[in-house]
Amino acid sequence: MNRESFAAGERLVSPAYVRQGCEARRSHEHLIRLLLEKGKCPENGWDESTLELFLHELAIMDSNNFLGNCGVGEREGRVASALVARRHYRFIHGIGRSGDISAVQPKAAGSSLLNKITNSLVLDIIKLAGVHTVTNCFVVPMATGMSLTLCFLTLRHKRPKAKYIIWPRIDQKSCFKSMITAGFEPVVIENVLEGDELRTDLKAVEAKVQELGPDYVLCIHSTTSCFAPRVPDRLEELAVICANYGIPHIVNNAYGVQSSKCMHLIQQGARVGRIDAFVQSLDKNFMVPVGGAIIAGFNDSFIQEISKMYPGRASASPSLDVLITLLSLGSNGYKKLLKERKEMFSYLSNQIKKLSEAYNERLLHTPHNPISLAVTLKTLDEHHDEAVTQLGSMLFTRQVSGARVVPLGSVQTVSGYTFRGFMSHTNNYPCAYLNAASAIGMKMQDVDLFIKRLDKCLKAVRKEQSKESDDNYDKTEDVDIEEMALKPDNVLLDTYQDASS
């Protein structure tokens, strides 16, 4: 209510009580005003009443929510289901215009304001996470792979001769297909093994630039966040190569915002060389539903070019989700999550190390990977080739998600390209292994339950391999979820393989 409404209310209720309510309302409005003035994530998270008040105030600025609106066009924000309307807080028009995803819509001032505020808050969080000199970013309603494609398509107009993208190998399908979808030919650079780690072959990258010719290379497509034993690319050195040869540099930072090490690599790469854009997922870094990403960079005009390359309007759902999340957490809440993630990484590492040693296995030494861990499965692989995959299937059927096993010699064809040793990021990694990761939001009980179930699965696989009698197995222990499908059938095995790839 405005001042006149409160004054009218004083004729019905004691003025002292109305003034008290007015002051309470002002406290909400004060938070909203600070957000609009500063464009930064508040230090402390908002309560739900402030959030819903803010969203309601924005929504009634859109024409579909005007009391006297008369829509006679083909896109008037009509929604058949009231449930759908409530799900989206009545933000129906989406964001952007036909020529620019960041443009303001005349009939959707509230949605446009939501978009601008969200981009501003996300930029603030990226700086807080470690990339202090980033100049611009925007939320795009596509996941990481398609967002990378958008970056490559934008570069096409700037580099008409280019047809190759140099790509240090990372066995993840969407980032590979992002180059194919954009119409370019990926040039795969195999990683080099240094100890247990798979690292960027800088000499091979530079040699390939010289062989193909810089004008024919669209960009170098590097990666930060990845599954161990692969570690983040040598971003600083790659950025220097890009600067020396005048080649753009696009970084796949899929779940790297939660890692201070990944963000530091991006910051340093931009400082000493060239990074044109870096792309990160919303769901992996901010715990929102899948469907959005952030494209960020150090050249304001280039990031604007990318936003203008997006054809048509876009869904506001990813922007709305991340806005609600960041306002609920506040910068202090997000920093707390980042701190807890680091602590869980150390805890997970210690617990896996203890368990692996009990089975004569080894936690691979991958100090340059700040999120993912890998444990050898040599003893399983030595006994039976299928035992590794069977272990993964057992974990999957026991509702352990995210962990994946990587057998030796797997071959996979992706968009016409055949990869040997697929999922291991190299043709011939020395051993089979199991991956686990400590991502944002993980709790100690998640680690403890994973270790418990992994222990049971390892015991079961070994007993089956050694053909020990089932009579020796105590079937009375954890009869419910803990004893699900110790020996998975082919359907479960196939389901696990699809999920892990």
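Salt bridges between domain 1 and domain 2: the count is 0. Keep in mind, everyone, that we're looking at a predicted model. So what does link the two parts in polar terms? Across that interface there are 7 residue pairs in polar contact, with both partners at pLDDT 80 or more.

Let me step back to the layout for a moment. The protein chain splits into three pieces: domain 1 covers 3–66 plus 79–88, domain 2 runs over 109–329, and domain 3 takes 335–469. Taken over C-alpha atoms, the centres of domain 1 and domain 2 sit 37 Å apart. Domain 1 brings 16 residues to the contact, and domain 2 brings 18.

How much area do domain 1 and domain 2 bury between them? About 1,500 Å², and carbon and sulfur atoms account for 68% of it. On the domain 1 side, the residues losing the most area to domain 2 are C41, L51 and L58, which together make up 31% of what that side buries.

Now, which elements give two or more residues to the side of domain 1 that touches domain 2? Those are helix 2, spanning 15–38, and helix 3, spanning 48–59. Helix 3 gives the most, with 4 residues. If you sort that side of domain 1 by class, you get 10 nonpolar, 4 polar and 2 charged residues.

So, if you have the structure open, do look at C41, L51 and L58 on domain 1, as they lose the most area there to domain 2. Thanks, friends, and over to you!

How values were computed. Residues numbered from 1 in each chain as written. Predicted model: local features only at pLDDT ≥ 70, side-chain atom pairs only at ≥ 80, totals over all residues. Heavy atoms only, no water. Domains from an automatic or database assignment. Contact = heavy atoms within 4.5 Å. Buried area = accessible area lost by both parts, 1.4 Å probe. Salt bridge = Lys/Arg side-chain N within 4 Å of Asp/Glu carboxyl O. Polar contact = N/O pair within 3.5 Å; in protein donor to acceptor, adjacent residues only side chain to side chain. Nonpolar A, V, L, I, M, F, W, Y, C, P; charged D, E, K, R; others polar.
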